[in-house]
Amino acid sequence: MGNMSLKQRVIAGLNSVAVLRWQVPARLVFALQGWAWPKQLKILGPIVLRGHGTLVLGTRVKIVSLSRYNPAGVNHPTVLTVLKGARMTIGDRVGMSGAAIFCATGIKIGNDVQIGANVSIFDTDFHALDYVDRRLDRHTPTAPVHIGDDVWIGANSIVLKGVTIGERAVIAAGSVVTSNIPANTLAGGVPSKVIRSLSPTTQEHVEP
């Protein structure tokens, strides 16, 4: 702080106040739900936390909900919903911007995952295919979602129920992922398909 100009100090102070304003209501929800407050959670903008299931966040998770913090543009606040009896686990050093993650059964997101602007992840169809079932609000298909370590999901993509995305895979922007994506691949499209294999960097040269 000693080498900062007055303008830089004022901006840093305002940012600290803003972050505190967003963290206070989130902390209250975590406390009321009995969820453990994660270490070094960074919240930039208002977030929506809903449901009575189990939410577990790792360390150094970053949640962005305002476009001024992401040049790709954020369409809405980040929304994390975990229904009663369901479990959503988000690993260490995960970043997301304007994400909508809805967990009816189980969603597991690994470490070092990058979730691009306005990505949606759902483990449920929300409604049945048969119109009678929809009218009676029954037989809604659900299946767990698993996203491996170091996955990058491009902006405006949708990941649907029952999908596993392997470690270090990359999902191109605007994709709709309806089936499993192998590790170390680039996938994209509607529905998403493997485009080519990727050659990951040797892990011993990567530090968190």
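These questions and answers walk through a sheet and a nonpolar core in a predicted model.

Biologist: How many bridges join E3 to E6, and which residue in E6 is the bridge partner of Leu57?
Modeller: E3 and E6 run parallel, and the bridges between them number four. Leu57 has its bridge partner in E6, and that partner is Ile90.

Biologist: Which residues of E6 form its covered face?
Modeller: Strand E6 spans residues 87–90. Arg87 and Thr89 lie on the uncovered face. The covered face holds Met88 and Ile90.

Biologist: In E12, which residue is the bridge partner of Lys108?
Modeller: Thr89 has Lys108 as its bridge partner in E9. E9 (residues 106–109) also pairs with E12 (residues 145–147), in the parallel sense over three bridges. There, the partner of Lys108 is His146.

Biologist: How many residues does the largest nonpolar core have?
Modeller: Ile101, Ile109, Ile115, Ile121 and Ile165 have the most contacts inside this core. Helix H1 (residues 6–33) gives the largest share, three residues. The core has 43 residues.

Biologist: Which glycine does Ile165 touch?
Modeller: Residues up to four places away in sequence are not counted. Ile165 touches His146, Ile147 and Val151, among others.

Technical notes: Residues numbered from 1 in each chain as written. Predicted model: local features only at pLDDT ≥ 70, side-chain atom pairs only at ≥ 80, totals over all residues. Heavy atoms only, no water. Core = buried A, V, L, I, M, F, W, Y, C linked by side-chain atoms within 4.5 Å. Buried < 20%, exposed > 50% of the residue type's maximum accessible area, 1.4 Å probe, protein only. Helix = DSSP H or I, 4+ residues; strand = E, 2+ residues; numbered from the N terminus. Contact = heavy atoms within 4.5 Å. Pairing = 2+ DSSP bridges.
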